[in-house]
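Subject: Structure handover

Hello,

Here is the structure you asked about. Please open it and read these notes alongside.

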Amino acid sequence: MGDMANSSIEFHPKPQQQREAPHAGGFGCTLAELRSLMELRGAEALQKVQETYGDVSGLCRRLKTSPTEGLADNANDLEKRRQIYGQNFIPPKQPKTFMQLVWEALQDVTLIILEVAAIVSLGLSFYAPPGEESEACGNVSAGAEDEGEAEAGWIEGAAILLSVICVVLVTAFNDWSKEKQFRGLQSRIEQEQKFTVIRNGQLLQVPVATLVVGDIAQVKYGDLLPADGVLIQGNDLKIDESSLTGESDHVRKSADKDPMLLSGTHVMEGSGRMVVTAVGVNSQTGIIFTLLGAGGEEEEKKDKKAKKQDGAVAMEMQPLKSAEGGEMEEREKKKASVPKKEKSVLQGKLTKLAVQIGKAGLVMSAITVIILVLYFVIENFVVEGRVWLAECTPVYVQYFVKFFIIGVTVLVVAVPEGLPLAVTISLAYSVKKMMKDNNLVRHLDACETMGNATAICSDKTGTLTTNRMTVVQSYLGDTHYKEIPAPSALTPKILDLLVHAISINSAYTTKILPPEKEGALPRQVGNKTECALLGFVLDLKRDFQPVREQIPEDKLYKVYTFNSVRKSMSTVIRMPDGGFRLFSKGASEILLKKCTNILNSNGELRNFRPRDRDDMVKKIIEPMACDGLRTICIAYRDFSASQEPDWENENEVVGDLTCIAVVGIEDPVRPEVPEAIRKCQRAGITVRMVTGDNINTARAIAAKCGIIQPGEDFLCLEGKEFNRRIRNEKGEIEQDRLDKVWPKLRVLARSSPTDKHTLVKGIIDSTTGEQRQVVAVTGDGTNDGPALKKADVGFAMGIAGTDVAKEASDIILTDDNFTSIVKAVMWGRNVYDSISKFLQFQLTVNVVAVIVAFTGACITQDSPLKAVQMLWVNLIMDTFASLALATEPPTESLLLRKPYGRDKPLISRTMMKNILGHAVYQLTIIFTLLFVGELFFDIDCGRNAPLHSPPSEHYTIIFNTFVMMQLFNEINARKIHGERNVFHGIFGNPIFCSIVLGTFAIQIVIVQFGGKPFSCSPLSTEQWLWCLFVGVGELVWGQVIATIPTSQLKCLKEAGHGPGKDEMTDEELAEGEEEIDHAERELRRGQILWFRGLNRIQTQMEVVSTFKRSGSFQGAVRRRSSVLSQLHDVTNLSTPTHVILSAANLTSAAGNPSGESIP
């Protein structure tokens, strides 16, 4: 354990001397000592406490606290404890600074291409060649720029840089504000959480963050322990430690057997007092959080070597291995510990598309440059027969540079720089609006993943139902009441017994309080089922409070608290005559088996035989369950003073009961849920219900919600049956067996958290369908964490959810309502569609602009659209269009189609048809104008105009027409599925309208008053009307295109597919994998050998330093093994295929300053 204490130093950047001081601050225990104590469990821990401190009260004395009175509420003392033992809060990850976010945004491929182009263009604009042109060099007028252009040369580069800066700032700002919002929510959640401690002998509720080491805390059923502690006194205390250990069995805690209570675990039954021994990062949950990298990012600060040691320590310090088996666990952990930035489906498709477009642009610009250079060379040196003179070199170079700039312009126009902006705006806009729809998005990409969801696994209680339980039916004194009976209808004896049985035999913390607002429902506090029963007492016009005051909690003789195995709760009280009375309540199928008598209508006992029980089940309990009610039986038993039983023998005590009543409790389905589920099914999403309730109730609720419909072929299974079907003889889960079950499964009842995780994992890993399933999961409990993490999108409940669930989720439902999930689907699909709309518009502009620039440069040696005009088209059209099209609000019609799936291309056939169709129209118009426009308008020809001539009307008309066509095509771009009415819902988007009108206004200003910088000359009204006419033609042409059936156009290719199957399966594939060609592979092989050598040296150094650092040889061996397993990736490269994979990994790592993927 010495090694443990040693390694603990790795974790918290705390002043060194404090930790080493023998007994810091005059307390009798050091931080390291307490930490190592909390690592122990059971008898081992008890022995350590006895050896070191004598007993728990000895520990309290050392910590200067009293087991009964608690700490003196003295601010100085509390502060001192915080200084020495830390505060009870786990420092969140350091938020990224704005500059870091800016740097991250700059990593975008498209932006990098643009930055390079801009810098080249800027550099060249300031390059003025020496010497005047001499006659000898030939007065080559290869479309030399006029002065306006020469002076405005720098504008081009600057404008591109400006657009890049815009994109980067917007992206960074979005990330930053999202982070801030989320932190706000987080801190709000944290402040609301309170815990009961004893200070100065008083019971106080204090915020969890203010707990200190030495506090005496009261623990009770249902608590999530906020710190580690040692039990001082407990009654029937059982803890669910599955969040730390993965063990689903509850651990019995007692001061004389196993007194260790750990943070992050749940109290499942009983109550007790503990002394807090470790808080914040030093508690068990804190240690795990630190390993996950939430507590301070030490990895960033230390070099890679230290990082590896952290990994090793992580392996040692993992508190307890999960039952799932170590091997798997370690692999999983390694994945968790190396934060791999998982790309969302959309990002994957976009990156691929951007690369494809970039390549096409490069090819086009290269061809442009080559053609221009060849033309120049041939014309000058072959046709004219000139000789290359030395003094002419600078002149020729200047021409070549100018050709290069034209090439760069073509490239710039080709690359859709509006794309990253459109994506960001669309996501940010959606996230902001989703807040209003009660979805707090924690991970941006979850937003669009939700649009692809094909399955939702939902909880029942609280999500599909209101989580407000009420008793609606009851069976009292041989009568089945379908509604609440009148108190006068009941025999006073029955009524009295019932009121006592309910008031005493429920947690005293459960209460019903008056409503906060006038006319609202009374507030239910505590266990919801017990609230329903207490509500039943109130409905019978009686009150539970006087009964409780008469028999306070400390007068209860013995309590068997509720747990999931017993499924019942019993309380014993002492009667005035010295005898005892036991009250019991619980699941009716369990409790009725223990009843031998029942109260008849006069309140007298009558025999209750097994035959009567079967009768009751058939006539009362099953009909209640089929109405979706939970049935609870309430019973009692009297013991005379002489026959006191052995209270430890629970089966003996809770038997031979007399049934008082059976009640049916309803947790009503939220009224809006059935409609929401119908929408999901229409949208091609399968909803499955996973619940802990009994199968009849679950089936009834599922039918009410519309999850199952009569006449459908579906399965409703209980957890046991589900496990029997999917596991083989050895008890291992088999994917083929799972694949037989899940497609038909609609309800999983009496399920455990592991079943939920198994189901989600099984659906995601399944390869039966043509598409991989995208699964969303809702969860509220700590035990839902694994399933939420595994799912593609995890929804946590904002009200009922535990912190662990929220931490594991992607989206938090602030109103715990299923309908909010449907809204999330709508927004997700809307993001996807908005980006497709933008692409459809953007690519039309790009195709046209590139072809015009290219052919223009090759035929007339001068681009019809000048560089500055191009940038206006580019910047304004891109940025404005991304704003206009990315902020389209979602409509219900989005829920009428099936999900796109992971492999569906971004640009569908229909979109490709629209892009090419509109491009044809625009190119025809522009080339007609370019070559015969001057005849049509009867103006001077603008082609081959001499140097320094003023801007021509001819080229201005071309520019103006081009912009007009884009404006009207923007309206066409609002629909991507071939709809006819492109104006549908246009006024629902004020941003769109204002942008179209704004662009039009600016265009008028540019044309009429732009003059030399924009190479424009003012146009007459008639010319303007012609330009407008051609623009409106776009809308008519759009209708023509919509008439052509897409199915006929087999030749059209789709673009922007999702990552292929093989790429997806191999986690190791780096982002740029598909770009690796053979030459690179050879290079990489060399790199790998080099890395392998390096790693061997590193490992040897690692081992040596480990020996130096820790005395324990074992620790070193353990560390070494974990370091080696991390290197495994790189060292086991034998086959060439492997080489490629890891090679991709290495280069991505080499270009990655924090070196995440290289161990």
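A residue is called buried under 20% relative accessible area, exposed over 50%, and partly exposed in between (1.4 Å probe, protein chains only). The model is predicted, so local features need pLDDT of at least 70, side-chain atom pairs count only at pLDDT 80 or more, and totals for chains, interfaces and linings use all residues. Residues are numbered from 1 along each chain as its sequence is written, and side-chain values use heavy atoms, with hydrogens and water left out.

Salt bridges first. There are 27 of them. The term means a side-chain nitrogen of Lys or Arg within 4 Å of a carboxyl oxygen of Asp or Glu. Glu888 pairs with Arg974, with 3.1 Å between the closest N and O atoms. Both sit in loops: Glu888 between α34 (867–886) and α35 (909–937), Arg974 between α36 (953–972) and α37 (990–1009). They are 86 residues apart. Glu888 and Arg974 are both buried. Helices (H or I, at least four residues) and strands (E, at least two) are DSSP runs, numbered from the N terminus.

Arg581 and Asp638 form another salt bridge, at 2.7 Å from N to O. Arg581 is in strand β16 and Asp638 in strand β19, so the pair ties together parts 57 residues apart in sequence. Asp638 is partly exposed, at 39% relative accessible area.

Next, the core. A nonpolar core is a set of buried Ala, Val, Leu, Ile, Met, Phe, Trp, Tyr and Cys residues joined through side-chain atoms within 4.5 Å. The largest one has 118 residues. Leu839 is one of those that touch the most other members. Helix α33 (residues 818–860) gives the most to this core, with 20 residues. Another core, of 43 residues, lies apart from it and includes Tyr85 and Val275.

Now look at helix α21 (residues 528–539). Among the buried ones are Cys531 and Phe536. Just after α21, Lys541 takes a positive phi of about 60 degrees.

Last, the sheet. Eight strands form an open sheet with mixed pairing, in the order β8-β26-β25-β24-β9-β21-β23-β22. Two strands pair if DSSP finds at least two bridges between them. The edge strands, β8 and β22, each pair on one side only. Strands β8 and β26 run antiparallel, joined by three bridges. Within that pair, Leu440 has Ile812 as its bridge partner.

Best wishes
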